[in-house]
Amino acid sequence: MGLCWSLSIWVLSSAFALPGGLRTAGRSGPQDQQSDQQQSATMGGSSTGAPQAPVYDAEHRPITAGGYVKTGPVIFRDVTKSSGLAGWRQQMGTKQKPYILETIGSGVALLDYDHDGWMDIYLVNGATYDSLSGKSTPPHAALFHNNHDGTFTDVSQHAGVTNDRWGFGVAVADYDNDGWPDIFVSNFGHNRLYHNNHDGTFTDTAEQAGVTLGNWSTGATWGDYNGDGRLDLFVPGYVHYDLKYPPAPGSAEVNHWQCRFRGVDVMCGPRGLQGEPDHLFRNNGDGTFTEVSKATGTSDPPHYYGLASLFIPLNGDGKMDLLVADDSTPNYLYMNNGHGGFEDDSYISGFALNGSGRETATMGIAAGDLWHNGRIDLFITDFSDDYKVLYRNDGGDNFTDASDMLGIAQPTIPFLGWGTGFFDYDNDGWLDLFEANGHVYPQVDAHPWGTTWKQRPLLFHNVKGKLELVPAVEGTGLAEAQAARGLAFGDLFNDGKIDVVINNIDGPPTLLRDVVKNQNHWVDLHLVGGPRSPRDAIGATVYLTADGFCQRADVVSGGSFESSSDPRLHFGLGAASRINRVEVHWPDGKVEQVHLPGVDGIYTVVEGTGKGATVPQY
């Protein structure tokens, strides 16, 4: 279980009994599951709960775009305009959104593409039908260079990463172990694999690598599943979409009832549409990949509607397990068997369904150790009229739906969630929870359902193991309503605070700068793997002890919704001015004690050196 286990027994002894009526996820009886799914089916193309009563604030605004307070803690400031990001715009089909292809939106990634020690921003763009047919210029993806002064410059044309295809997801990793981050972009159509040329430019090597695929790919993830020191690539498939025969109400492609929400005609799907299979590509070490989905048990034979994925070690053996967020179909949890394949533990683990034994329209995944017990807990975002699910890791590959008991179920029901993440926004040493929101049906603004097309984000503060909703103060970032989709988080300003970038559909992105003021300390770690580990250390786990407890953090690529966050590991230290212990579990199995020279700094830790070196600020 790792270093944190012995330091967290007090957390596990807390009362975690399930409240009456809430069952363990995936373990309800088949009759209950069937009745829940039949009730959900009346809702149309997306799996969700029964229609909920609208929730309004004191000024009779839907809670998704209201609920603001005049005063309170100011956590984030929207600095999109001053940063230089506001001039770029995401575009996804038409504003009316008659077809599902236009509704999903795109991801965002944080990476240091030029090795200057500062996180840059990559924003995926969509497309239009005219751009696909050559009638108009396609919308461009954008790589924004961090200028170290709070501003960013669009360098995408020079870098050669504009994509110019109907883009969805992005996952960053150093797939060839040359020390430079590369960019995988998933598309409707052929995917891109941008190899970093070390000079500020990239070359698309997807065709040579064999990872182009060809229909609708979504939120990919990188991880070394077979322990050979090379990063492999998992790519979920969503809907098999044919531009010549788009799914319309009453067409041969879909039943009419799968094109309705609360009795109103909307775009069709995903239920009733043909799904796309998932793909796992093994890294051959020569710039090419081999498709091994069937051989490893990850091919998704039912063709569920995959939207996000994440490689992360879950059970303490150091091997990369795999999570897949599926829309309106059961989620996947694949446990690495250590022999080059996976066991499908989706149902037996409790991750396939929610605590009511029902499928959710899962969009995004967050993973982190909420209770300092060395175990990775999971959070998923899903549709409106449904609560968002937090799965507590009970050990033994078992997860329990703890959403209601933690108080996050009821507040999240009106919201339609996408990108998400666990991170410590106030550096008190406890992981908080952020969720970006926005609807898929523009029609909701015309009806009194208590939900809206543009929605404000949600932030839950972790108060020593209990999650409390942070009020949205007027004029701050938490009161910004957007049609949000992809979300990435990280220390963009190298000030020890975690910022958030959101890719909004049909609009400019949002950059929320963390402006919390306190005296808490922190440390950021940039890990570099040795000869037998991936160079960027994806798959490494760090246990850090300070301020009387132990924290865990993992180097990952992917998760959230179609996005990749800052690969550096951030630890809030609370009042602690010194770190007692740092233990790194490297991807190759080595365990190393590391000495850090201080706190409130960014350090590079190279496998085998036993120490962290200060990262120079250029």
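**The largest cavity and its surroundings**

The largest cavity is lined by 38 residues, and those nearest its centre are Ala 367, Phe 422, Phe 489, Asp 554 and Val 556. The structure is a predicted model, in which local features need pLDDT of at least 70 and side-chain atom pairs count only at pLDDT 80 or more, while totals for chains, interfaces and linings use all residues. Residues are numbered from 1 along each chain as its sequence is written, and side-chain values use heavy atoms, with hydrogens and water left out.

Two or more lining residues of the largest cavity come from each of strand 17 (306–312), strand 21, strand 25 (417–423), strand 30 (484–490), strand 35 (549–554) and strand 36 (569–574). Here helices (H or I, at least four residues) and strands (E, at least two) are DSSP runs, numbered from the N terminus. The volume of the largest cavity is about 590 Å³, and the model has 3 cavities of 30 Å³ or more. On a 1 Å grid over the protein atoms alone, a cavity is a set of points where a 1.4 Å probe fits but cannot get out; a pocket is an open set with protein on both sides within 12 Å along at least five of seven lines, and lining residues have an atom within 4 Å of a point. Grid points are joined across faces, edges and corners, and a volume is the space filled by probe spheres set on the points. The lining of the largest cavity comprises 18 nonpolar, 12 polar and 8 charged residues (Ala, Val, Leu, Ile, Met, Phe, Trp, Tyr, Cys and Pro count as nonpolar, Asp, Glu, Lys and Arg as charged, and the others, Gly among them, as polar).

Turning to the open spaces, the largest pocket has a volume of about 670 Å³. Its lining holds 32 residues, with Asp 112, His 115, Gly 179, His 526 and Pro 567 nearest the centre. Strand 3 (108–111), strand 7 (166–173), strand 33 (521–528) and strand 39 (601–606) each give two or more residues to this lining, and strand 33 gives the most, with 3 residues. By class, the lining of the largest pocket has 18 nonpolar, 8 polar and 6 charged residues. Asp 600 belongs to the loop between strand 38 (591–593) and strand 39. The C-alpha atoms of Asp 600 and His 521 are 5.7 Å apart in space, although the two residues are 79 apart in sequence.

The second largest pocket, of about 420 Å³, has 28 lining residues, of which Asp 317, Gly 318, Lys 319, Trp 586 and Pro 587 lie nearest its centre. Its lining divides into 9 nonpolar, 14 polar and 5 charged residues.

The largest nonpolar core has 51 residues, with Trp 222, Leu 525 and Leu 527 making the most contacts inside it (a nonpolar core is a set of buried Ala, Val, Leu, Ile, Met, Phe, Trp, Tyr and Cys residues joined through side-chain atoms within 4.5 Å). Buried means under 20% relative accessible area, exposed over 50%, and partly exposed in between (1.4 Å probe, protein chains only). A second, separate core of 35 residues includes Phe 168, Cys 268, Phe 383 and Phe 561.

Cys 268 also takes part in a disulfide with Cys 259, at an S to S distance of 2.0 Å, and the model has 1 disulfide by the rule applied (a pair of cysteine sulfur atoms within 2.5 Å). The torsion about this S-S bond is about 105°, so the disulfide is right-handed. Cys 259 is buried at 0% relative accessible area, and Cys 268 is buried at 0%.

In one of them, the closest N and O atoms of Arg 358 and Asp 386 are 2.8 Å apart. Arg 358 lies in the loop between helix 8 (346–349) and strand 21 (365–368), and Asp 386 in the loop between strand 22 (377–380) and strand 23 (389–395), so the pair ties together parts that are 28 residues apart in sequence. Arg 358 is buried, with a relative accessible area of 8%, and Asp 386 is buried, with 2%. Lys 388 and Asp 382 form another salt bridge, at 3.5 Å from N to O, and both residues are buried.

Methods
Salt bridge = Lys/Arg side-chain N within 4 Å of Asp/Glu carboxyl O.
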